[in-house]
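Here is a short tour of a protein model, written for someone meeting structures for the first time. Keep the 3D view open and find each residue as it comes up.

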Amino acid sequence: MNRPAAALALLLLSASLAAGAATAAETYKGHGIAMHGDLKYPAGFRSFDYVNPAAPKGGTVRLSATGSYDSFNGFIIKGQPAIALRLIYDSLMETSLDEPFSEYCLLCETVEVPEDRSWVAFTLRANAKWHDGRPITVEDVIWTFNTLREEGAPIYRFYYANVTNVEMTGERTVKFTFQRTENRELPLIIGQLVVLPKHYWADRDFTSTTLEPPLGSGPYRIESFEPGRSITYARMPDYWGARLPVNAGTYNFDVIRYDYYRDSTVEVEAFKSGAIDYRDENSSRHWATSYNIPAVRDGRIKKERMPHGRSTGMQGFAFNMRRPIFQDRMVRRALAHAFDFEWSNKTLFYGQYTRTRSFFQNSELAATGVPQGRERVILSRYSRKLPPEVFTTEYSPPRTDGSGNNRAQLREALDLLRQAGWDIDEETRKLTHKKSKREMKFEVILVSPLFERIVLPFKKNLARLGIDITVRTVDSAQYQERIEGFDFDMIVTGWGQTLSPGNEQRNYWGSEAAGHRGSQNRTGLSDPVVDELIEMVVAAPTRAELVYRTRALDRVLQWQHIVIPHYHIPYDRTLYWNKFARPEITPTRGSNLLNWWVDPEKARALAEQGREG
């Protein structure tokens with residue numbers, strides 16, 4: 001074919017494609033979907049690499065939770081839901097733990113998306129059924145989606161904001177159409193949808209709390225419970241999805257029981273006495289001092305550090321910028337100098353921690369140094385709206401020498417506060433605003449007494465600046481109510497991050513979320529630049545571009561000073577009575593107890609040794 005003829009043929013072909021619907025070549029249909037790039041596991045795979053598909057079933061695991069609960073409805077903001085309710089439900093797809101963000105079919109038999117990801121369709125498995133034996137239908141999926149978006153917690157409205165239509169397109173096929181095609185994550189977000197039974201909720205109020213065990217379809221059901229004190233899940237012997245590749249080697253325990261305890265100190269003692277089988281230890285003090293006991297020394301209890309490759313996210317003292325005293329960025333920056341991490345790490349944490357400086361810590365997504373290359377290009381369009389430090393200085397929280405003498409840092413704090421219009425009144429010795437004459441004082445509310453030892457030195461340093469703070473530990477129900485209504489000045493909180501951030505960032509930092517009760521925008525951040533950067537992250541077309549855009553977002557968040565960063569560790573601190581076995585491979589996101597199993601020989605030996613002495 002000569003060049004003019006070839007060009008004409010190519011033009012006609014392009015026009016034909018543009019005028020018609022997506023062709024088979026443009027549409028993917030298969031067993032899973034990856035956010036970027038290819039799936040690790042091919043069609044027909046038998047199990048994930050990080051499980052033992054031959055793991056024996058059986059046995060009981062006894063776990064713990066702190067506080068209380070008053071509801072089995074974990075999809076609304078009312079009430080305090082019981083722990084691990086997810087065990088009784090299935091989702092459309094299951095997330096792989098050793099890929100940045102990939103999902104494989106669970107309730108669905110196939111997933112279908114066009115090249116531009118403007119819609120996604122799921123064909124349900126014919127054998128998927130509820131615990132009452134009725135089939136899981138497309139109507140269940142559609143009802144669940146609409147109900148969660150209209151009556152569920154605010155997070156669902158943010159997650160599903162760009163879904164314009166959901167419809168039945170076949171006997172077992174449901175299609176979700178999206179408003180904007182650049183949101184590549186939406187098919188995976190929809191894949192995470194936990195499906196609920198429409199017929200069960202037909203004569204029940206979805207917006208109310210309940211202690212009636214709900215109908216599910218998952219590997220477990222609620223077997224028994226004592227309201228606020230315990231809940232026991234029993235494995236379904238005829239679970240419809242037991243033989244699926246995504247479930248192979250998982251859900252091995254016959255019984256999973258959670259007992260609730262007043263606080264973590266009581267939990268530790270319960271674990272040491274043998275009332276609890278497994279514990280992830282979040283306290284450096286307990287890890288260092290509470291387990292020097294015979295059971296650890298003789299091996300009946302295993303105490304292990306388990307490395308992981310997941311992002312540790314951000315934890316810190318969070319400012320509620322809805323409060324007038326925290327609306328000045330200079331004030332927030334100044335108060336960070338009163339937290340002496342180096343002294344705290346040496347004196348309180350036994351040197352176990354590293355200071356957190358990024359909202360995407362422990363990952364390639366964290367912004368370091370000063371912006372270069374593509375990241376700088378992204379940020380340059382906002383140069384007039386951003387603090388100059390974003391482009392010139394690497395963000396780093398204030399440092400001390402760890403001696404406890406942080407006068408230099410407090411002097412710097414006072415200089416910043418004076419620039420912001422505050423100074424120490426000569427008569428009252430209180431930090432006072434020069435114009436309004438208002439004294440600076442605020443409250444820090446906690447839900448765990450463990451944090452008191454962290455906050456009290458912070459309070460002491462603030463007092464040296466003439467700032468009065470009140471530290472108050474409240475029960476879990478009151479804490480939840482105050483957090484959801486943004487009725488606080490400062491809290492200790494955190495934001496978990498995945499290796500593939502996306503739509504959840506709207507709920508963390510977006511302006512719209514700042515005004516929605518129950519959202520995770522605890523700080524009240526409302527900034528058009530942050531909003532635009534979030535949308536850029538959501539719309540990232542490639543993994544490389546996602547990294548650049550996330551780093552840009554991270555850097556802007558760092559210089560907003562919306563939190564006083566705390567600390568992190570790149571491993572899990574795990575303790576367990578030696579009756580378990582686990583897979584040889586630990587996935588990137590860390591070890592998952594649901595992939596462990598009771599080893600009959602170890603359990604027998606432990607029973608012979610006893611748990612006391």
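Predicted model: local features only at pLDDT ≥ 70, side-chain atom pairs only at ≥ 80, totals over all residues.

Start with helix α13, which covers residues 407-419.

Now look at which residues hide. In α13, the buried ones are Gln409, Leu410, Ala413, Leu414, Leu416 and Leu417. (Buried means under 20% relative accessible area, exposed means over 50%, and partly exposed is in between, using a 1.4 Å probe and protein chains only.) An α-helix has 3.6 residues a turn, so residues three or four places apart point the same way. Looking down the axis of α13, you'd find the buried residues within an arc of 160 degrees, so they line one face of the helix. (That arc is taken from the directions from the helix axis to the C-beta atoms.) Turned away from that buried side is a face with the exposed residues Arg407, Arg411 and Gln419.

## What covers it, and what follows

What covers the buried residues of α13? The cover includes α9, β17 (422-424), β18 (431-433) and α14 (452-464), going by contacts, meaning heavy atoms within 4.5 Å. After the helix comes Gly421, which has a positive phi near 100 degrees.

Most residues other than glycine have a negative phi, and most peptide bonds are trans. Ala84 is not a glycine, yet its phi is positive, at about 65 degrees. You can find Ala84 in the loop between β3 (60-66) and β4 (93-95), where it is partly exposed at 22% relative accessible area.

Lys437 also has a positive phi, near 65 degrees, without being a glycine. Lys437 sits in the loop between β18 and β19 (441-446). Is Lys437 buried or exposed? With 59% relative accessibility, Lys437 counts as exposed.

## Charged partners

Side chains of opposite charge can pair when their charged atoms come close. The model holds 34 salt bridges, each one a side-chain nitrogen of Lys or Arg within 4 Å of a carboxyl oxygen of Asp or Glu. One of them joins Glu226 and Arg229 at 3.7 Å, N to O. Glu226 is partly exposed at 37%, whereas Arg229 is exposed at 55%.

Another salt bridge pairs Arg323 with Asp487, 3.6 Å from N to O. These two come from distant parts of the chain, 164 residues apart: Arg323 is in the loop between β15 (314-319) and α9 (329-335), and Asp487 is in the loop between α15 (476-484) and β21 (490-495). Both are partly exposed, Arg323 at 25% and Asp487 at 40%. Arg517 and Glu481 also form a salt bridge, at 2.9 Å from N to O. Arg517 is in the loop between α17 (511-514) and α18 (528-538) and Glu481 is in helix α15, so this pair ties together parts 36 residues apart in sequence. Salt bridges that share partners also build one network out of Arg323, Glu443, Arg472, Arg482, Asp487 and Asp489.

## A buried arginine

Arg555 belongs to helix α19 (residues 543-560). At 1% relative accessibility, Arg555 counts as buried. Which side chain does the side chain of Arg555 meet in a polar contact? The partner is Glu375, at 2.5 Å. (A polar contact is a pair of N or O atoms within 3.5 Å; within protein, one must be able to donate a hydrogen and the other to accept it, and residues adjacent in sequence count only if both atoms are side-chain atoms.) Leaving aside residues up to four places away in sequence, the residues that Arg555 touches include Ala367, Thr368, Gly369, Val370 and Pro371.

Key. Residues numbered from 1 in each chain as written. Heavy atoms only, no water. Helix = DSSP H or I, 4+ residues; strand = E, 2+ residues; numbered from the N terminus. Expected span 1.5 Å × (residues − 1).
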